[in-house]
Amino acid sequence: MAVWLKGPNGSGKTTLLRMLATLSTPSCGTLEIFGLDVGRQREAIRHGVSLVSHSLYLYPGLTARETLVLWGRLGGVVLEPESVVAALDVVGLADVGDRRVGGFSAGMRKRLALARARIESPRLLLLDEPFSALDDSGCRLVQSWVREFVEQGGTVMLASHDPERATPICDWRVDLAAGQIVGLDRGAGR
Amino acid sequence: MSSLLALLSKDLLLEWRERARSLSVLLFAVVTLLLFSFALGPDVETLREATPGVLVLALLLSSTLALNESFRLEREDRALEGLVMRPVSLTALFYAKASANALLLTFLGPVVVALAVVFYSLEIDVATMTRLVGLWCLGAAGLAAPGTLYAAMTSRLKSQDVALPLLLFPLVVPVLLASVKAMGLVLTGDAMNQLRSWLTLLLAFDIIYWSVCGLLFRFAVEEGE
């Protein structure tokens, strides 16, 4: 399923995504992902979770191709050159695969981060403002990718201030305010 | 091991692509040698006696520059957070980063020792120079491990440039002391057969630092992200 986290600034969307990505621990209570405790079994959870955040975790000195290869190796996957080219092609970066990320525009960097998330084959995909910095074709790419990912059995949690783009692709809408769930709407957009 | 090699090759590749940074660390070490030679005066004997201390101080001061820089790239675009989020052992992350830092400092050794021979009018043979470079490398290893740990801890502070030396310098006193004493014995002769003791001390602290800092690294990066 795809879940849209909706709420004003400071409502806790990014904090929730960071907790789900095992980057923060809850100040109280417990949090389990795939039946595993976030506080104690982080490494096991990290095999199945991928986050595309405001910060894109890119090294300006590496090329797009090197970025994907490094990410794959850190996840225990040795990527064939053809699959790297294919992953870059999907996001429209195949022609600039050997250029350093430092010279990329914000949209290109976002596309690379999305390609990187895709090669991880996660079970849970976390997207924090995935439409920001992207042009129309990039936004459509994210939308089709989210639906494709969900149809393959994955789960997406998406925080966005863009209802026009988030509503059509999400199965659930969760309204947040001041760190609390204040509304839950099934089939909000679909 | 595969993750460690991937991270190490990433660090070395980035270091190579930003060679100006490594060069600035080398120049800083050379300038330190020069300044100490001016401060100590023209007396050749004084310069020779001070050589071990000056070499180790050049290593120490340039190491803070290198260590600060090594985490600057990781903080840009929060790349370190991205690495922490991968299913990679944080211990592997530490050993990759510490090894890259140790290698960078090690590469400075031959150049700085060779320049010290010129600046301080040392009359030594190639074997003595090689031993000095070897001791430099052991000293570099002793600084790189705690330096990497503290650089990770302080990298999110605005006052990192001040905080790193304040934390690091007191901790590495045993390494500095053992390096200075061992280099002094290599230069002036080891009549009382003390070199082995200082070398053992230096090696022991290298092993302790690399082991303990590897265990503590996760606390420096995990929650702080």
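Start where chain A meets chain B: there are 3 salt bridges between them. Keep in mind as you look around that this is a predicted model.

To see a salt bridge up close, select Arg18(A) and Glu81(B). Their side chains meet in one, at 2.9 Å from N to O. Now widen the view to the polar contacts: 12 residue pairs make them across the interface of chain A and chain B, with both partners at pLDDT 80 or more.

About 2,700 Å² is buried between the two chains, and carbon and sulfur atoms give 54% of that. Pick out Arg46(A), Tyr59(A) and Leu74(A): these three supply 27% of the area that chain A buries against chain B, more than any other three residues.

Last stop, inside chain B. Select helix α6 (residues 126-154) and helix α7 (residues 160-171) of chain B, whose axes come within 9 Å and cross at roughly 145°. The crossing of α6(B) and α7(B) is right-handed. For the residues that meet, show Leu143(B), Pro146(B) and Tyr150(B), among others in α6(B), and Ala163(B), Leu164(B) and Leu167(B), among others in α7(B). By class, this helix contact has 9 nonpolar, 3 polar and no charged residues.

Key
Residues are numbered from 1 along each chain as its sequence is written. Chains are lettered from A and ligands numbered from 1 in the order in which they are written. This is a predicted model: local features need pLDDT of at least 70, side-chain atom pairs count only at pLDDT 80 or more; totals for chains, interfaces and linings use all residues. Side-chain values use heavy atoms; hydrogens and water are left out. Axes are lines fitted to C-alpha atoms, for helices over the stretch in contact, and angles run from 0 to 180 degrees between N-to-C directions. Helices (H or I, at least four residues) and strands (E, at least two) are DSSP runs, numbered from the N terminus. A crossing is left-handed if the near helix is turned anticlockwise from the far one by less than a right angle, and right-handed if clockwise. Contact means heavy atoms within 4.5 Å. Ala, Val, Leu, Ile, Met, Phe, Trp, Tyr, Cys and Pro count as nonpolar, Asp, Glu, Lys and Arg as charged, and the others, Gly among them, as polar. Buried area is the accessible area (1.4 Å probe) that two parts lose on being put together, summed over both. A salt bridge is a side-chain nitrogen of Lys or Arg within 4 Å of a carboxyl oxygen of Asp or Glu. A polar contact is a pair of N or O atoms within 3.5 Å; within protein, one must be able to donate a hydrogen and the other to accept it, and residues adjacent in sequence count only if both atoms are side-chain atoms.
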